[in-house]
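Reader: I would like to go through the pocket and the aromatic rings of this model.

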Amino acid sequence: MDITHNLEIKASAEDIYKAMATQKGITGWWSKRCLVGENEGEKSLLKFDKQGTNVDMGFKTKTLHPNQTVIWECVENANPAWLGTRIVTEIKPLRDHCSVVFSHAGFEDKWKGQEAFEATKGGWEHFTDSLKDYCETGNGHPW
């Protein structure tokens, strides 16, 4: 199972790629407190304060194709539904904007309808809006 958002972002492919693949980018729209590995094979740690509870998420950067594709694999998360899933961003430049397919992919079917999956869907509604705002205006809504 995948959670997929098809976005139109009025920004360059380079800016969107940097938002997805760099420390500065991730802190601008997703996690205010993180250490981002900016090369394939490196790990990233994102930290969130979820209503007074600290939540840590670990990822491994699997694929970086500049201005085209970023793939992270979840290797650490208190939410067991996330383990082994992938955050996949595909960027396609068009005339005056980019088409971005953002997917959180690879959830096992057993999570369908479960809180661990449903809460993730709601979270990505917020964060994909934050990504779009960050890329278009420089101001996202990271946690």
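Reader: By class, how many nonpolar, polar and charged residues does the lining of the largest pocket have?

Author: This is a predicted model, where local features need pLDDT of at least 70, side-chain atom pairs count only at pLDDT 80 or more, and totals for chains, interfaces and linings use all residues. Residues are numbered from 1 along each chain as its sequence is written, and side-chain values use heavy atoms, without hydrogens and water. With Ala, Val, Leu, Ile, Met, Phe, Trp, Tyr, Cys and Pro as nonpolar, Asp, Glu, Lys and Arg as charged and the others, Gly among them, as polar, the lining has 11 nonpolar, four polar and one charged residues.

Reader: Which element supplies the largest share of the lining of the largest pocket?

Author: Strand S3 (43–50), strand S4 (53–65) and H3 each supply at least two residues of this lining; helices (H or I, at least four residues) and strands (E, at least two) are DSSP runs, numbered from the N terminus. The largest share, six residues, comes from H3.

Reader: Why does the pair of Trp 82 and Trp 124 count as stacked?

Author: Rings of Phe, Tyr and Trp (its six-membered ring) pair if their centres lie within 6.5 Å, and planes under 30 degrees apart count as stacked, over 60 as edge-to-face and the rest as tilted. This rule gives 14 aromatic pairs. The pair of Trp 82 and Trp 124 is stacked because the ring centres are 6.2 Å apart and the planes lie at 25 degrees.

Reader: How many residues apart in sequence are the parts that this pair ties together?

Author: Trp 82 lies in the loop between strand S5 (69–77) and strand S6 (86–93), and Trp 124 in helix H3 (residues 115–137), so the parts tied together are apart in sequence by 42 residues.
One aromatic cluster includes both Trp 82 and Trp 124. The separation asked for is 42 residues.
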